[in-house]
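Good morning, and thank you for the time.

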Amino acid sequence: MHHRVRNTNSRRLLICLAIAGTIFASGAVLRSTALAQSQIDELRSQIADRNNRLAEIEKEIATYQSELKKVGGQKATLQAAIDRLELERKKVQADIRYTENKIGATDLELSKLGLEIKSTETGIELNRQAIAETLRSLEETDQDSMVEVLLSNDNLAAFWKKIDDLEEIRSVIADQVSTLESEKAALGEKYDLSSKKRADLVDLKSQYADQNEVLVGNKAEKSKLLAATKNQETEYQKLLKAKQAEADKIQKELRDFESQLKFILDPNTVPTRGTAVFRWPLDSVIITQLFGGTEFAQQNPGVYGRPYHNGVDISAPIGTPIHAALSGVVRATGNTDAVAGCYSWGKWTLIDHANGLSTLYAHQSVIKVVPGQSVSTGDVIGYTGNTGYTTGPHLHFTVYAKAGVSIKQFSDFKAVTSCGAATTPVAAPEAYIDPMAYLPKP
């Protein structure tokens, strides 16, 4: 009789231990969570403040972009050029502040994630301890075999009651195991999120460096302009005329050379026209000049060497990210500004695509890729600028039949003393393709 009572009490003790373990773990987790939650709430408040600041800076950037559009439409004067450079400087500085705040917000998010992960790990460990303690107690008190348990009872009802007690213990432990598995899965998700946040932070830091490079270039351009004109409008107009004359000469010699090239485009080697195989290289599309015999090209045939424009011009403030229109491999990059007086593409990138086409991105302020590098659709390959011969900041986007375009030094096709060893894409007229034939409607 005493043995049966002791056995029953042992089973009840085990159930109590299991439940107590759960309560102990839950209580410890709650205390730990409460402490962490106050820190997490503080971080959330700081993140909200950062986000409000980011919204303010975004409005500031939008204002500068609007003002830049107005300045871009003004007559080409020295004051307009200085105003544009100053506005671009302010916009880039705002971009830098935005990136810095974004980095700060990401740091806070990482800190919050770290606290949440630590809190989850603490909960898992406490639950493990509770389960381990319960199992140890079960092992110490449950030494009787099933036969011994059966023989120790006067009837089957008492036996099955003990079996039910064991099942209840197993159920409690199973619940604990399920809790651990759920918390482990949650912890894994938080680790994944944390890793992504870290990757975003690396990208933001890279963007910050790019924006600083744009800003350095802006300051250099302003200093160079003031030094060349000595802050005199008459000197500025002389400079513009000299640049245009030199650019006309370079373009004419290039187009004369290209007109001698022979290329027959096989329609089967390129996508069907009207198929939107490309994405726009800029997120915001403001077209200032289309492909072909545009009014500007007809009125200024010297600018392009013939009366048509060989690409699409898209207006954008200096420092706007340029995206790869399609996945491909960078064939070449160049910088005609590296040679004094070579007024051409400025900083440019040529990408070859698997569909038989190549794309050119010209007048960049910063080039982010190198020859031989593989890029995916939408990757940032550079930033818009005002390099080369331009009448304002924009991206020049050209599409070629890949088989019909090659890279040459200017000195390869004529004695262009102002360009010398600078490189440029060259193609027969038939190899130029209207970009609009492969772009979605803007």
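This is a predicted model: local features need pLDDT of at least 70, side-chain atom pairs count only at pLDDT 80 or more; totals for chains, interfaces and linings use all residues.

Strands S2 and S9 run antiparallel and are joined by 4 bridges. Within that pairing, Ile 314 has Leu 395 of S9 as its bridge partner.

How many of the residues of S9 are buried? The count is 8 of 8. Both faces of the strand are covered.

Is Gln 364 buried or exposed? Its relative accessible area is 0%, and therefore it counts as buried. Leaving aside residues up to four places away in sequence, Gln 364 touches Ile 322, Lys 347, Trp 348, Thr 349, Ile 381, Gly 382, Tyr 383, Thr 384, Gly 385 and Thr 387. For one of these residues, Ile 381, there is also a distance: Gln 364 and Ile 381 are 17 residues apart in sequence, and their C-alpha atoms are 9.8 Å apart in space.

The second residue is His 363, which also lies in S6. His 363 has a positive phi of about 70°, although it is not a glycine. Its relative accessibility is 4%, so His 363 counts as buried.

A positive phi is found at Lys 230 too, with a value near 55°, again in a residue other than glycine. Where does Lys 230 lie? It is in the loop between helix H4 (156-229) and helix H5. Lys 230 counts as exposed because its relative accessibility is 63%, and the cut-off for exposed is over 50%.

Helix H5 itself covers residues 233-259, which makes 27 residues. From its first C-alpha to its last it reaches 38 Å, close to the 39 Å expected at 1.5 Å a residue. The buried residues of H5 are Tyr 236, Ala 247, Ile 250, Gln 251, Glu 253, Leu 254, Arg 255, Phe 257 and Glu 258.

Next, a strand pair further along the chain. Strand S10 (residues 405-409) and S11 pair in the antiparallel sense over 5 bridges, and Val 405 stands opposite Ala 427 in S11. S11, residues 423-427, is mostly covered, with 4 of its 5 residues buried. In S10 we find Ser 406. At 26% relative accessibility, Ser 406 counts as partly exposed, because that value falls between the 20% and 50% cut-offs. Beyond residues up to four places away in sequence, Ser 406 touches Arg 331, Thr 424, Pro 425 and Val 426. The C-alpha atoms of Ser 406 and Pro 425 are separated by 5.6 Å, although these residues are 19 apart along the chain.

Let me close with the protein as a whole. It has 442 residues, of which 43% count as buried, and it contains 8 helices and 12 strands. Among contacts with a separation of 6 or more, residues 24 or more positions apart account for 75%. The protein exposes about 22,500 Å², and carbon and sulfur atoms supply 55% of that area.

As to confidence, the mean pLDDT is 80, and 79% of the residues reach 70 or more. Over residues 1-8 the pLDDT stays under 50, and the model has 9 contacts beyond four places in sequence for them. Residues 301-307 also have a pLDDT below 50, and this stretch has 24 contacts in the model beyond near neighbours in sequence.

Note on methods: Residues are numbered from 1 along each chain as its sequence is written. Side-chain values use heavy atoms; hydrogens and water are left out. pLDDT is the predictor's confidence in each residue, from 0 to 100. Contact means heavy atoms within 4.5 Å. Helices (H or I, at least four residues) and strands (E, at least two) are DSSP runs, numbered from the N terminus. The expected span of a helix is 1.5 Å times one less than its number of residues. Buried means under 20% relative accessible area, exposed over 50%, partly exposed in between (1.4 Å probe, protein chains only). Two strands pair if DSSP finds at least two bridges between them. Accessible areas come from the Shrake-Rupley method with a 1.4 Å probe; for residues, only the protein chains shown count as cover.
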